[in-house]
Amino acid sequence: MKESIEPILRKLEGLNTIDLIAKKLNVKESTAIKKIHELRKFGHVETSGGGKQPRLYRVYRNKIVKIGNPGLYDIINKNSPVKISRPYEERIVGRKLSIEEALIRAIKTEKYRVILASLALFNKVKDIPKLYKLAKKEDVRRKLGALYEVARNTIRTKKINEKHLRLMLKAKNEKAFIVPKVKSKDFKDIENKWRVYIPFNKQDLWRLKE
Amino acid sequence: MIDLKKQGELLSLIGEKIKKKIECYIVGGSAMLYHGVKEETKDVDIVFDEQESKEIFEKVLRDLGFKERDVRIIYFKKRNTPLLLQRGEERIDLFIKKVITFEITESMKARVEKVYEYGNLIVKAVSPEDIILFKCATERAGDRIDASNIIKNFKIKWNVIIEEALNQTKLESYLFPVYLYDFLEELKEDFKADIPNEVLRKIRKISEDLLVKKLKKKKK
């Protein structure tokens, strides 16, 4: 079977829409849908988009090897209106990455867009004590508290109780920059309270409200 | 022989036993398993960036009953050979930074396409281009077949291979492009691998220039 689909895979390798597949294979749209269904059955197609977005089909010449569970970037893309591109495919084997862990890992990346997109996760957090514990372990308690306040000023979030906020504020010997050398013009009050530098201005956050 | 499932089970077990997070690069046939171009591999080739990580990994393997094997059986008298550990049919080759004539570089690390987290063990599978370069360095039985399969199944970025070969000349392996030229030439001749002539010409030119430079240095 691999032999017979090989020429089709070569023609379609990469990102496609149904229109494009029909054009590349010189067939009708209905036939293109059948072909892509067939390729997906053999594990060569990954689908994305749909709904308001156009449906995209990424065709691979080799079978897609999917083991384990989604990593940080996939979790953010699933839960945030701000989408980020994956620098690599990340899979967690043998367990699932929790929202709490994803949030802390996002802060640890020190990457502007990853942290911006991850603010949406504050509404999906289920276990506040776990979130606090992880932040303590990774020395990012004040960063977490400050980002929580920024997120809460902008979007709907789960509420972190006073006890944990107080503990976060007390944290010592933590780095001040969330993203190296980036400071905010608009969140001075939050920056002063938490003694960290917020990497966003108010305008940066509108995409989270979509 | 080890398939993806067995490899995953073994790495999960190691990841559970390790107390501290460590990173490693998986190269060769085991990386091909992750890329979906190979069903089974004889051994798992792992490269560490840090000695400490390798020692932690090695200790866990020894605790799991892996025994050291004579490296000369597979690598003869080559330089930068790995530590060979074996348990039954499972063989793991542990390298630090260098794999025979090839050294892991920052650009190679940046090209990593797949990252797997097995407990405290972070496994990074190198790109198809880098697998070819590693295969050129190790030159064991089966390495040429594997390399030609990668060329057949991926759109290889040949400029990456040329740039990395040049990178290697700045490190320990001054003549890496010479070995690479021989390796690719053989792949094209014997395995009918689809390697553009332009690529071979470029690598040949680089190799000749390097050899001339080396000879001039010797004369001085």
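Predicted model: local features only at pLDDT ≥ 70, side-chain atom pairs only at ≥ 80, totals over all residues.

Residues are numbered from 1 along each chain as its sequence is written, while chains are lettered from A and ligands numbered from 1 in the order in which they are written.

**Exercise 1. Work out the order of the strands in the three-strand sheet of chain A.**

Step 1: Know your terms. Helices (H or I, at least four residues) and strands (E, at least two) are DSSP runs, numbered from the N terminus. Two strands pair if DSSP finds at least two bridges between them.

Step 2: Go through the pairs. β1(A) and β3(A) are joined by three bridges and run antiparallel. β2(A) and β3 (residues 53–59) of chain A are antiparallel too, with five bridges.

Step 3: At the edges sit β1 (14–16) and β2 (45–50) of chain A, each pairing on one side only.

Step 4: Check some partners. A:Tyr57 in β3(A) is the bridge partner of A:Asn16, and A:Tyr57 also stands opposite A:Thr47. A:Ser48, in turn, faces A:Leu56 of β3(A).

Step 5: Look at the turn. The hairpin of β2(A) and β3(A) has two residues between the strands, and A:Gly51 takes a positive phi near 70° there.

**Exercise 2. Find the place where strands of chain A and chain B pair.**

Step 1: Find the pair. β5 (residues 89–93) of chain A runs parallel to β10(B), with five bridges between them. One residue to look for is A:Ile92, which stands opposite B:Glu117.

Step 2: Zoom out. This gives an open sheet of nine strands with mixed pairing, in the order β4(A)-β5(A)-β10(B)-β11(B)-β2(B)-β4(B)-β7(B)-β6(B)-β5(B). Its edge strands are β4 (69–70) of chain A and β5 (67–69) of chain B.

Step 3: β2 (residues 22–27) and β4 (residues 43–48) of chain B run antiparallel, joined by three bridges. There, B:Tyr25 has B:Val47 as its bridge partner.

**Exercise 3. Describe the side of chain B that touches chain A.**

Step 1: Count residues. The contact takes 18 residues from chain B and 15 from chain A; two residues are in contact if their C-beta atoms, placed from the backbone, lie within 7 Å.

Step 2: Name the elements. α1 (4–17), α2 (28–35) and β10 (114–118) of chain B each give two or more residues, and β10(B) gives the most, with five.

Step 3: Sort by class. The chain B side has eight nonpolar, six polar and four charged residues. Here Ala, Val, Leu, Ile, Met, Phe, Trp, Tyr, Cys and Pro count as nonpolar, Asp, Glu, Lys and Arg as charged, and the others, Gly among them, as polar.

**Exercise 4. Describe how α9(B) and α10(B) meet.**

Step 1: Get the geometry. The axes of α9 (residues 176–190) and α10 (residues 197–219) of chain B come within 8 Å and cross at roughly 145°. Axes are lines fitted to C-alpha atoms, for helices over the stretch in contact, and angles run from 0 to 180 degrees between N-to-C directions.

Step 2: Sort the contact. It has 10 nonpolar, one polar and three charged residues.
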